[in-house]
Amino acid sequence: MSEVLIREFESDLDRIQSLLDFIDQVKVFMSVQLNTETDAFASATLDSDYGDFFSSAVDTHRRATDSRLNLAILPGTLLLYLSGRFEDYVKSSFEELAEEVATNYGGWDVLPRDMKDSLVKYTAEVIANPRKYGHAENGVVSFVTVLHANLNNDLSRINTQCLSVTHENMRSDILKELFERIGAKSIWDKIGEKMSIKNFFETHENARATSQSKKLLNEIMDTRNRIAHPSANIDWPALNKIREYTGFLKALGAALNDCVQEYSYQLRPTQSTTAISTSS
C-alpha cells in the first residue's frame, strides 16, 4: 500500500513540475515582440487554414502581457497545493504504518505504551472538538466505539484519523512528534541516511543531510504560511524556488517511504510479546 502512496505523491509532484514548465513557457511567449502593423501579420490573420489559431495566439499573447505582474502569483499558489499534498502524504503514510503496528500486536495489553497513550489522548482530543477536525456527531460515536473495542483487546480497527491530527503545518518538529506517537523514534536521523536526500543536497554526511532537510522543510512551511495569510507587501517566491521545493519534497517523500518500510519491521512485536498476547 505504501508503494501506492509514494507513486501517487510523486505523480502529483510531476504534475506540479509540468505546470511550472508551462509558466516558464508562457514567460518565453510573452517576451516575443509582436508587430501588428506589418503586412505579414495581416496576411497570417486572414489565412483560411490558420486564421483562427493565429487570432487566438495573438489574443493569448496580449492577455499574458497585460497580466505580466499577476504571473508572479501562480508559482506561489502552487506552493499551497504542494505543501498540502506533502502533509497529506505524510499523514497517510503514518496512518498506514500505525494500522500495521496495531495489526501485528493484535491486542491492547501488549501494544507499545507510546501508541496506547497516543490513541487515548488524540481520540479524546477529536471527540472533545469534532468540528474543529472536520467530523460530525456520527464520527464521534464511531471513534468512541472503536476505542472501546481497542480497550477490550480488539485492534481490528484503530482511530488513525485521530492519531494523525496536528495543530500546525508539517514542520520538521511536527513530523518528528507525529511518528513518535507510535514509538517510531529518530526519524530525522533515518532521513539523513537516505540516498534521495544525500543526492539532493549533494553530500555524503548524514548529519548535514539531516540538518539541511529540516531547515528547508521549515522554510517551505514558513513561505506557505506567508502566502496563506498574505500582507500587502508579500514577496512572492520565484518560480525556480518552487522548483527547488518540489524537488526536495519529492526526495523527502522517497526517504520517508524508506523509513516507513524500516519501521514496519522495527516496530513488530518480539516473541515474548507475542506469547503474552496469545495467553491473555
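Author: One term to begin with: contact means heavy atoms within 4.5 Å. By that criterion, residues 24 or more positions apart account for 74% of the contacts in the chain with a separation of 6 or more.

Reader: Where does the model come from, and how are residues numbered?
Author: This is a predicted model, in which local features need pLDDT of at least 70, side-chain atom pairs count only at pLDDT 80 or more, and totals for chains, interfaces and linings use all residues. Residues are numbered from 1 along each chain as its sequence is written, and side-chain values use heavy atoms, with hydrogens and water left out.

Reader: How many helices and strands are there?
Author: The chain has 13 helices and zero strands. Helices (H or I, at least four residues) and strands (E, at least two) are DSSP runs, numbered from the N terminus.

Reader: Is the chain a compact globule or more spread out?
Author: More spread out: its radius of gyration is 25 Å, well over the 19 Å that the globule rule gives for 280 residues. That radius is taken over C-alpha atoms, and the rule is 2.2 Å times the number of residues to the power 0.38. Along its principal axes the C-alpha trace spans about 90 × 50 × 40 Å.

Reader: Now α5. Which residues are buried there?
Author: Met115, Lys116, Ser118, Leu119, Tyr122, Thr123 and Val126 are buried in α5. Buried means under 20% relative accessible area, exposed over 50%, partly exposed in between (1.4 Å probe, protein chains only).

Reader: Why are they on the same side of α5?
Author: Because they cover an arc of only 165 degrees around the axis, taken from the directions from the helix axis to the C-beta atoms. The face turned away from the buried side carries the exposed residues Arg113, Lys121 and Ala128.

Reader: And what do the buried ones pack against?
Author: They pack against α4 (73–105), α6 (137–151), α7 (160–163) and α8 (172–180).

Reader: Which loop holds glutamate 202?
Author: The loop between α10 (195–201) and α11 (206–228). Phi of glutamate 202 is near 55 degrees, a positive value in a residue other than glycine. At 71% relative accessibility, glutamate 202 counts as exposed.
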